[in-house]
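Here is a short note to read beside the model.

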Amino acid sequence: MLLRIDHVGIACHNLEEKIEFYESTFGLVVVSREVNEEQGVREAMLHVADGDSGASYIQLLEPLHPDSAVGKYLSKRGEGVHHIGYGVPDVAKAMADIGAKGVRLIDERPRHGSMGASIAFLHPKDVGGVLTELVETSRH
Ligand code: CMX
Ligand code: CO
């Protein structure tokens, strides 16, 4: 059902500062920058690796508003790992299969994610405290 770790989402106060840190410390390269109003974030994807089932990234997230998902997380917990995004072949099917096991879906239907992906979130309280994202990329 899961193809790979597509990305790890990291909450930060200052996106430009964190991009600079990841570039200079790990030599990562930014492949996409977006503002996603629906998710309340300004974000960047930094490419880590390519595998048989697709690529993996670090997703740096800066909140657009204090009352957004990432804004609330930062004020409660500070900067750090916010979520894990798993690549799936078909996000709607993965939502149905995982929802049927009793895990709460945050999204009723897939939403728009980075780089044209379709995404959906699972509630962290049903995944051992880990906010989990399902990602169907637009590049198969
Ligand atoms: N990881 C683990 N637990 C988390 C969490 C996270 N990222 N965010 C919130 N929680 C926990 C809180 O600690 C809190 O637990 P306690 O009640 O034990 O204190 C509980 O969940 C409720 O948290 P809250 O601060 O009251 O926040 P909300 O319930 O309003 O929202 C959530 C939490 C997960 C439903 C919301 O953040 C959400 O819908 N997230 C999905 C969307 C998202 O994160 N978008 C940004 C990323 C976009 C992208 O990746 O492209
Ligand atoms: Co994400």
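1. A search of the whole structure finds 9 salt bridges, a salt bridge being a side-chain nitrogen of Lys or Arg within 4 Å of a carboxyl oxygen of Asp or Glu. This is a predicted model, in which local features need pLDDT of at least 70, side-chain atom pairs count only at pLDDT 80 or more, and totals for chains, interfaces and linings use all residues. Side-chain values use heavy atoms, with hydrogens and water left out, and residues are numbered from 1 along each chain as its sequence is written.

2. One of the salt bridges joins the side chains of R4 and D6, at 2.8 Å from N to O. Both R4 and D6 are buried; buried means under 20% relative accessible area, exposed means over 50%, and partly exposed is in between (1.4 Å probe, protein chains only).

3. K93 and D97 also form a salt bridge, with their closest N and O atoms 2.8 Å apart. Both residues lie in helix 3 (residues 91-99), and they are 4 residues apart, about one turn of the helix. Helices (H or I, at least four residues) and strands (E, at least two) are DSSP runs, numbered from the N terminus. K93 is partly exposed because its relative accessible area is 48%, and D97 counts as partly exposed because its value is 29%.

4. R109 and E108 are joined by a salt bridge whose closest N and O atoms are 3.9 Å apart. R109 is exposed, with a relative accessible area of 54%, and E108 is exposed at 72%.

5. K72, K76, R77 and K125 form a positive surface patch. Patches are made of residues with over 30% relative accessible area and no salt bridge; like charges are joined within 9 Å, and nonpolar side chains (Val, Leu, Ile, Met, Phe, Trp, Tyr) within 5 Å. Lys and Arg count as positive and Asp and Glu as negative, while His and the chain ends are not counted.

6. Leaving aside neighbours within four places in sequence, S56 is in contact (heavy atoms within 4.5 Å) with I5, D6, L46, H47, V48 and A49. Among these, D6 is the salt-bridge partner of R4 from point 2.

Definitions and conventions
Chains lettered and ligands numbered in written order. Areas by Shrake-Rupley, 256 points an atom, 1.4 Å probe, with all protein chains shown as cover. Charge placed at Lys NZ, Arg CZ, Asp CG, Glu CD.
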